[in-house]
Amino acid sequence: MPPALERLVNNLMRLPGIGEKSATRLALQILRWPSAQARELADSIAMLHDCIGLCSRCFTFSEKDPCSVCSDPKRDSSVICVVEEPGDVLAMEKAGCFNGIYHVLQGVLAPMDGIGPEQLKIKELLKRLETEEIDEVIIATSSTASGEATASYLSQVISEAGVKASRIACGIPMGTDLKYADQLTLKKAMEFRTNIS
Ligand SMILES: [Zn+2]
């Protein structure tokens with residue numbers, strides 16, 4: 001393989017879910033493009049780090065500081081939704097089901113990998129609880145073991161700060177047949193049932 005092509009293949013292979021075969025297919029596709037199109041792709045990648053930083057209030061990715069959610073006067077700034085990653089903010093915004101503001105932890109607690117509360121944006125969250133008028137913190141970390149451990153740690157420190165903490169519900173995903181749900185999901189769905197009458 002020509003060294004220039006091999007360099008691109010090796011770089012593409014760093015992306016999640018891209019093995020050597022897919023990387024080679026993508027690299028050959030880019031090679032077939034007009035050079036202006038390939039340059040546009042390279043430029044858009046190169047510009048990312050120059051244009052996008054973290055919002056100093058909620059720590060999501062943003063071109064402006066504060067980000068568009070934090071600076072929107074129509075958002076309810078008394079409710080914070082805590083998520084793991086900036087991608088979670090994008091998913092919530094796409095769903096359009098939340099009108100409060102966010103706080104991005106930039107990860108989850110993982111003591112085995114040396115990630116404790118100090119490595120996440122938890123002090124920054126507690127600082128916000130002191131300086132902003134917050135009525136409720138909704139903990140929306142994932143329902144994985146580390147997401148649950150992070151949620152239970154957060155609920156404790158948030159309650160100690162005198163603010164109401166809540167956790168998003170978990171259970172059967174929409175459109176899923178009950179018999180295909182795993183045992184833990186069924187157990188949680190039963191535990192977090194809601195009254196409909
Ligand atoms: Zn923000």
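Me: Where is Q106 found in this one?
Reply: Q106 sits in the loop between β4 and α5, where helices (H or I, at least four residues) and strands (E, at least two) are DSSP runs, numbered from the N terminus. Please keep in mind that this is a predicted model, in which local features need pLDDT of at least 70 and side-chain atom pairs count only at pLDDT 80 or more, while totals for chains, interfaces and linings use all residues. Residues are numbered from 1 along each chain as its sequence is written.

Me: What is phi of Q106 near?
Reply: Phi of Q106 is near 65°, which is a positive value in a residue other than glycine. Q106 counts as partly exposed because it has 18 C-beta neighbours inside 10 Å; a residue is buried if 20 or more other C-beta atoms lie within 10 Å of its own, exposed if 12 or fewer, and partly exposed in between, with C-beta atoms placed from the backbone.

Me: And F59, is that buried or exposed?
Reply: F59 has 21 C-beta neighbours inside 10 Å and therefore counts as buried. F59 lies in the loop between β1 (53-54) and β2, and its phi is near 65°, again a positive value in a residue other than glycine.

Me: Switching topic, which residues does a cis peptide bond join?
Reply: The cis bond links D65 and P66, with omega at about 0°, and P66 belongs to the loop between β2 and β3. V69 is also placed in the loop between β2 (61-62) and β3.

Me: What does V69 touch?
Reply: Not counting residues up to four places away in sequence, V69 touches C58, R75, I101 and Y102, where contact requires the C-beta atoms of two residues, placed from the backbone, to lie within 7 Å. V69 and C58 are 11 residues apart in sequence, and their C-alpha atoms are 9.1 Å apart in space. V69 counts as buried, because it has 21 C-beta neighbours inside 10 Å.

Me: How many residues does the largest nonpolar core have?
Reply: That core has 26 residues, and those with the most contacts inside it are C58, I80, V82, V83, Y102 and V104. A nonpolar core here is a set of buried Ala, Val, Leu, Ile, Met, Phe, Trp, Tyr and Cys residues joined through C-beta atoms within 7 Å. Two or more residues each come from β3 (79-83), β4 (101-104), α5 (122-131), β5 (136-139) and α6 (145-160), and β3 gives the most, with four residues.

Me: Which residues does I80 touch?
Reply: Leaving out residues up to four places away in sequence, I80 touches G100, I101, Y102, H103, R128, I134 and V137.

Me: Last topic: at what angle do α1 and α2 pack?
Reply: Helix α1 (residues 3-12) and helix α2 (residues 20-32) pack at an angle of about 130°, with their axes 8 Å apart. That makes α1 oblique to α2, since angles under 35 degrees count as roughly parallel, over 145 as roughly antiparallel, 65 to 115 as roughly perpendicular and the rest as oblique. The axes are lines fitted to C-alpha atoms, for helices over the stretch in contact, and angles run from 0 to 180 degrees between N-to-C directions.

Me: Which residues of α1 make the contact?
Reply: On α1 they are L5, L8, V9 and L12, and they meet E20, A23, T24, L26, A27, I30 and L31 of α2.
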